[in-house]
Amino acid sequence: MPDKILVTRSSMPDFDEYAEEIKSIWDSHWLTNMGPKHQELQKQLKEYLSVENIDLLTNGHMALELSMQALGLMGEVITTPFTFASTTQAIVRNGLKPVFCDVNPVDFTMDVTKIESLITDKTSAIVPVHVYGNVCNVEEIERIAKKHNLKVIYDAAHTFGVRYKGKGIASFGDVSCFSFHATKVYNTIEGGAVCYHDAKFGETLARLKNFGIKDTETVSEIGANAKMNEFCAAMGLCNLRHVDAEIAKRKAAVERYKQNLASVDGIYFVPEQKDVQQNYAYLPVVFDKDVFGADRDEVFEVLGQNDIGARKYFYPLTNTFDCYEPKFDANETPVALKISQNILTLPLYADLALEDVDRICSVILSCKK
């Protein structure tokens with residue numbers, strides 16, 4: 001019987017490489033609090049991502065949450081419901097009200113034609129999401145933000161290594177936040193980063209991630225503990241050496257999927273974006289039951305019966321979560337709602353064998369009616 005295929009699999013260096021990287025930690029006994037590994041990774045990532053400034057945190061969620069706090073946001077924040085829970089949770093946990101903007105039906109990023117109608121005198125920021133590695137319309141978002149004097153915080157969790165018109169994706173907006181979770185293209189086991197332009201913002205963020213401590217006798221903000229430890233930083237240093245090769249392997253798998261499925265009526269792939277250097281973070285496909293003959297849920301079930309993992313990602317929309325009272329109306333974002341009910345992310349990781357891609361596609365095609 002064939003092995004079970006998971007929806008994702010973490011990229012890891014050889015054990016000996018990681019063991020060598022962490023060896024010096026035993027000599028120094030410096031385990032956390034911005035140690036040598038943290039400092040070296042920060043330096044290397046700044047160069048790799050082509051950004052002005054970067055700070056490392058314990059995860060991508062705290063990167064978002066503390067960035068919003070450091071910017072001193074108030075009132076309402078325009079965002080998208082077509083995202084992972086973290087994006088909306090970070091807004092709400094800052095005492096802010098999320099105002100949900102619909103997405104466009106082509107690449108599922110925020111529909112920029114709908115942003116301005118949502119701006120009120122209470123709006124303080126826009127929090128768009130680069131979904132699946134697809135880049136938002138950064139030029140139009142910047143125009144709108146400048147016109148209305150709003151901050152822009154990009155949830156860039158899916159776009160590590162992505163470049164747009166030759167620029168690192170995190171150079172857009174006031175702030176961009178990455179996740180280095182184990183499931184991402186690039187991981188530090190758990191981790192995250194904030195990329196930014198304003199040095200004063202960086203000073204505030206550095207205090208907030210360390211309990212708000214300004215110096216040995218002064219605690220100036222109500223902060224959190226969000227410091228990346230040395231073992232995670234060491235994993236990041238190892239994985240950074242191999243990330244370009246890992247992305248190339250992902251690309252090969254995506255190309256094989258498209259060879260098998262792109263011409264099949266009723267299956268929609270997101271078109272490649274112009275001027276974007278992709279990272280092949282995810283492979284989302286949308287199923288049109290009226291054409292394909294089976295809906296997303298049916299395909300999901302059949303894949304599962306064949307020991308193939310897939311994910312309804314993003315489903316449900318964050319504006320339908322039970323934890324928010326009063327409840328939001330998902331019908332106000334109809335495009336996002338429809339996509340969430342028909343989208344499936346297929347297995348994709350660097351070690352995914354092309355033969356396994358063929359097997360996955362064969363099972364999907366067996367659902368067609």
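# Exercises on a predicted model

In this predicted model, Phe100 counts as buried, at 12% relative accessibility.

**Exercise 1.** Decide whether Phe328 is buried, partly exposed or exposed.

*Solution.* Buried means under 20% relative accessible area and exposed means over 50%. Phe328 has a relative accessible area of 27%. Phe328 is therefore partly exposed.

**Exercise 2.** Classify the aromatic pair of Phe100 and Phe328, and find which parts it ties together.

*Solution.* A pair of aromatic rings is described by the distance of the centres and the angle of the planes. For Phe100 and Phe328, the centres are 5.0 Å apart and the planes stand at 85 degrees. Planes over 60 degrees apart count as edge-to-face, and this pair is edge-to-face. Phe100 belongs to strand 3, while Phe328 sits in the loop between helix 9 (296-305) and helix 10 (334-340), so the pair links parts 228 residues apart in sequence.

**Exercise 3.** Find which strands stand at the edges of the seven-stranded sheet.

*Solution.* The sheet is open, with mixed pairing and the strand order 1-9-8-5-4-2-3. Strand 1 (53-57) and strand 3 (97-100) are at the edges; each has a single partner strand, so one side of each lacks a neighbour in the sheet.

**Exercise 4.** Describe how strand 3 pairs with strand 2, and which helix lies across both.

*Solution.* Strand 2 (residues 76-79) pairs with strand 3 in the parallel sense, over four bridges. Glu76 stands opposite Lys97 of strand 3. Helix 4 (residues 85-93) lies across strands 2, 3, 4 and 5, and runs at about 140 degrees to strand 3.

Technical notes: Residues numbered from 1 in each chain as written. Predicted model: local features only at pLDDT ≥ 70, side-chain atom pairs only at ≥ 80, totals over all residues. Heavy atoms only, no water. Pairing = 2+ DSSP bridges. Helix = DSSP H or I, 4+ residues; strand = E, 2+ residues; numbered from the N terminus. Contact = heavy atoms within 4.5 Å. Axes fitted to C-alpha atoms, helices over the stretch in contact; angles between N-to-C directions. Phe/Tyr/Trp six-rings, centres within 6.5 Å; stacked < 30°, edge-to-face > 60°. Buried < 20%, exposed > 50% of the residue type's maximum accessible area, 1.4 Å probe, protein only.
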